[in-house]
Amino acid sequence: MFSIKKSGVTYYFIDNEYYFGEKCLYKWDDLERFAFFDKAALEILPKIDFKPDIIHCNDWQTGAVPVVLEAYYKNDGFYRDIRTVFTIHNLKYQGIYSIDAVKDFFSLGDEYFTDDKLEFHGCANLMKAGIVYSHIVTTVSPTYAEEIKTPTGGERLDGLLSARSNSLFGILNGIDYNEYNPKKDPALVCNYGLRDVLDGKKKNKMALQEQLGLPVDGEKVMIGLVSRLVDQKGLDIIADAMDELLGLDMQFVIVGTGDEKYENMFRHHAWCNPEKVSANIMFSNEMAHRVYAAADLFLMPSLFEPCGLGQLIALSYGTIPVVRETGGLKDTIKAYNEFTDEGNGFSFYAPDAHDMVFTIKRAISFFADKAVWKKLVQRAMKEDFSWTESAKKYEEIYKNLMG
């Protein structure tokens, strides 16, 4: 264990080269690794003479912390009054293992593996553990907090989450505007702000076109996609729409890695349509920043999206999101209304290629009117999804929890 103090906050780091060393990254079973971490996080507290009021756990990897706290420390004076908060970042990934394995690694008795506790369809579920044993449960957007209480979005935990409605809260994630700031982003060939946004984005677009071997045309609509290439992100919708998308007067730039079938799909279209599609199957933070700055539209047709950061980053660069109305995308992107001159993006509801293409066509039609487009882009850049507002809501939850 070692610590560092930064901006008035002391950070403690638990390390174990055996489990978490670089060479062991994929060697150990995650259950064993996080069992070590969860128990160590509790055991270390009296040794560093730090008694927290609240332990805030995130996702299934720390879902067992509230259980172990209850099982072994509830009668210990040092730990007795500690409260717990558990945040669900993505309910799809739940940490499901055999009951025997979880019993073994966490030394828990049979009483913890009933259907109202850790048991889950014959297995043990560490996401469920965090939900059951924490005092407060949060997730990363208000809409997602509602969606996970339904059979469609609940990943077989909707009944439990509905039962915990009174202690379940959705709070949007934020982004760091020091990192995602087109005025000073070192990855860009041309920095820009509100006043020169259209000119700055045009210069970045032309530079990226040249870099990627696309026809250089600053007036050509560029659609960006920066994403994990997995089914959650709505890539089957894109697959169904590609022929129609390729018929539009636009360029499509993809950055990301993921499932082989999606990687190969984008590679195929880039090979067949090199003047329209650039498939960058890689993880590159620099390339991602350049796409955010160069693109005119940012595509996120996710099947579900707990919060989503891509659309928030896109807004800060003046890149207009085209999203499906789900989770945090619904909470952050309001469809443009040309009659009231309101909205910061474009959206569609049905997970359907036709609806997505219709929405993209509509967005492109407004791009042609530079006066309208500039107002829309500047409105997007003025949005504030910083951590400041989110922190206030977490602070309120903490205060209420402590009474």
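**Helix packing and aromatic pairs**

Analyst: In this predicted model, the buried residues of H4 pack against H2, helix H3 (65-72), E5, strand E6 (119-120), strand E7 (123-125) and helix H5 (126-133).

User: Which residues of helix H4 are buried?

Analyst: Helix H4 (residues 99-106) has Ile99, Val102 and Phe106 as its buried residues. Viewed down the axis of H4, these buried residues fall within an arc of 70°, so they line one face of the helix.

User: And which residues are exposed on the other side of H4?

Analyst: Asp100 and Asp104 are exposed there.

User: What follows H4?

Analyst: Ser107 follows H4, and its phi is positive, near 55°.

User: Let us change topic. How many aromatic pairs are there?

Analyst: The count comes to 19 aromatic pairs. One of them joins Phe20 and Phe36, whose ring centres are 6.3 Å apart with 45° between the planes, a tilted arrangement. This pair links distant parts of the chain, 16 residues apart: Phe20 belongs to helix H1 (residues 17-20) and Phe36 to helix H2 (residues 30-47).

User: Is Phe20 buried, exposed or partly exposed?

Analyst: Phe20 counts as partly exposed, because its relative accessibility is 27%, which lies between the limits of 20% and 50%. Phe36 is partly exposed as well, with a relative accessible area of 23%.

User: What about Phe252 and Phe266?

Analyst: Their ring centres are 6.2 Å apart and their planes lie at 90°, so the pair is edge-to-face. Phe252 in strand E11 (residues 250-255) and Phe266 in helix H10 (residues 260-272) are 14 residues apart, and the pair links distant parts of the chain. Both Phe252 and Phe266 are buried.

User: Which residues form the aromatic cluster with Phe20?

Analyst: Phe20 forms one aromatic cluster with Tyr18, Tyr19, Phe34, Phe36, Trp60 and Tyr97.

User: Which charged ends sit over rings?

Analyst: Among them, the charged end of Lys117 sits over the ring of Tyr112, 5.8 Å from its centre. The charged end of Lys370 sits over the ring of Phe367, 3.5 Å from the ring centre.

Notes:
Residues are numbered from 1 along each chain as its sequence is written. This is a predicted model: local features need pLDDT of at least 70, side-chain atom pairs count only at pLDDT 80 or more; totals for chains, interfaces and linings use all residues. Side-chain values use heavy atoms; hydrogens and water are left out. Rings of Phe, Tyr and Trp (its six-membered ring) pair if their centres lie within 6.5 Å; planes under 30 degrees apart count as stacked, over 60 as edge-to-face and the rest as tilted. Helices (H or I, at least four residues) and strands (E, at least two) are DSSP runs, numbered from the N terminus. Buried means under 20% relative accessible area, exposed over 50%, partly exposed in between (1.4 Å probe, protein chains only). A charge sits over a ring if NZ of Lys or CZ of Arg is within 6 Å of the ring centre and within 35 degrees of the ring normal. The arc is that of the directions from the helix axis to the C-beta atoms. Contact means heavy atoms within 4.5 Å.
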